[in-house]
Each structure stands twice: as structure tokens, then as C-alpha cells.
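This report describes a protein chain from its fold down to single side chains. The sequence and the structure come first, and the text follows.

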Amino acid sequence: MLKLLNPMEENISGPGPSEAYNGKRPPGLTLLCVLTFIGSGLSAFSSFFIAAAYNIIPAAIENSPFQNGAEMLNLVKMAGPFFFLVMGLLYIVSLTGSIFMFSLRKEGFHIYSISQLMMLIVPSLLIKGYIAPWSNILLTGSFILAYAVNRKFMR
């Protein structure tokens, strides 16, 4: 006999997130984490490098072929080595959050989100007259939103 489906008894909409991946990381979350590993890892490295070599960075910028070298030099001088040290630490925290999310640990989302929001705020606090570019705000918001969508796969 033909059995009629009762929507109240069975899930006819398909498998839910936990059923579809059975505790495995979905490809979209993997891609987000890899992009964060690359971005935060390289940014942490460069921030710590600039903080450590701060005395030679202005001369390197002045002798560089960059068109906006004067603007970059002014920003580096206004920021100071402490700024780059703080940003490097925030990038490490962001990287830690993404490692947690790669391991499907939900607290990684909170660690990542707070560090990313701090990276938008700290420059305004430490560099006089600095305003975060819209591109930074949109990129940060996009990644946080994409990770938020993937929270359902984390425990």
C-alpha cells in the first residue's frame, strides 16, 4: 500500500545540517578558514615584522617605487610600533578563532568576531584622524556573516 507522508511525523524538507555532514566540516567553512589562515597569518607576520624593524621601515618606504609612498610613510609614522604590535596580536587571536572553527568549535566564532571588530576599532583609537575604509568594514562584515551562517555545523 501507498503510505501517505504526514509532515508532522517526518521531515520531508531533506536532511538538516547535522544529518548532512555528520560532524564533518562543510566545504564552504573549510574555504573560509583557509582564507582566514592565509590573511590573518600573513598580516600577523607583517605586523610583527614592522613592529620589530620599525626604525628601518620609513627609509625603506622612502626608497620604494610606490606611488603613494608619502601617504604610507605618514601613516606608519603616526601609528608607531605599538600599533603594529597590537594589530599583530589581534591577527593571532583572529587566527586562533579560525583554527577553533576549523575544528568545528563554536567558541571560535566569538573569538574571531571580537578580534575582527577590534581590528576595525583599534586603528581609530591609536592613529589620530584614522577612519576605517568601507572596504575593510564590508570585508569584515562579510566574513563574520559567512562564519555565522556556518555556526550550525559547529558544536
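Helices here are DSSP runs of H or I with at least four residues, numbered from the N terminus. By that count, L104 lies in the loop between α4 and α5. The model is a predicted one.

**Overall fold**

The secondary structure consists of six helices and zero strands. Along the sequence this reads as α-α-α-α-α-α. The protein has 155 residues, and buried residues make up 33% of them.

**The α4 and α5 pair**

Helix α4 covers residues 69-102 and helix α5 covers 107-126. The two helices pack with their axes 7 Å apart, at an angle of about 165°. Because angles over 145 degrees count as roughly antiparallel, α4 is roughly antiparallel to α5. The crossing in which α4 passes α5 is left-handed.

**The loop and the salt bridge**

In the loop between these helices, L104 has a phi near 65°, a positive value in a residue other than glycine. The side of the cut-off on which L104 falls is clear: buried means under 20% relative accessible area, and L104 has 4%, so it is buried.

How many salt bridges does a search of the whole structure find? The search finds one. It joins R105 and E107, whose closest N and O atoms are 2.6 Å apart. Partly exposed residues lie between the buried limit of 20% and the exposed limit of 50%. R105, at 35%, is therefore partly exposed, and E107, at 32%, is partly exposed as well.

The table lists relative accessible areas for residues of this region and for L126, which is placed in helix α5.

| Residue | Relative accessible area | Class |
|---|---|---|
| L104 | 4% | buried |
| R105 | 35% | partly exposed |
| E107 | 32% | partly exposed |
| L126 | 32% | partly exposed |

**The nonpolar patch**

Which residues form a nonpolar patch on the surface? They are F82, L85, L89, I114, M118, I121, L125 and L126, and together they have about 770 Å² of accessible area. The elements that give two or more residues to this patch are α4 and α5. Helix α5 gives the most, with five residues. L126 belongs to the patch and sits in α5; its relative accessibility is 32%, so L126 counts as partly exposed.

Definitions and conventions: Residues numbered from 1 in each chain as written. Predicted model: local features only at pLDDT ≥ 70, side-chain atom pairs only at ≥ 80, totals over all residues. Heavy atoms only, no water. Patch = residues over 30% accessible without salt bridge, like charges linked within 9 Å, V, L, I, M, F, W, Y side chains within 5 Å. Areas by Shrake-Rupley, 256 points an atom, 1.4 Å probe, with all protein chains shown as cover. Salt bridge = Lys/Arg side-chain N within 4 Å of Asp/Glu carboxyl O. Buried < 20%, exposed > 50% of the residue type's maximum accessible area, 1.4 Å probe, protein only. Axes fitted to C-alpha atoms, helices over the stretch in contact; angles between N-to-C directions. Parallel < 35°, antiparallel > 145°, perpendicular 65-115°, else oblique. Left-handed = near helix turned anticlockwise from the far one by under 90°.
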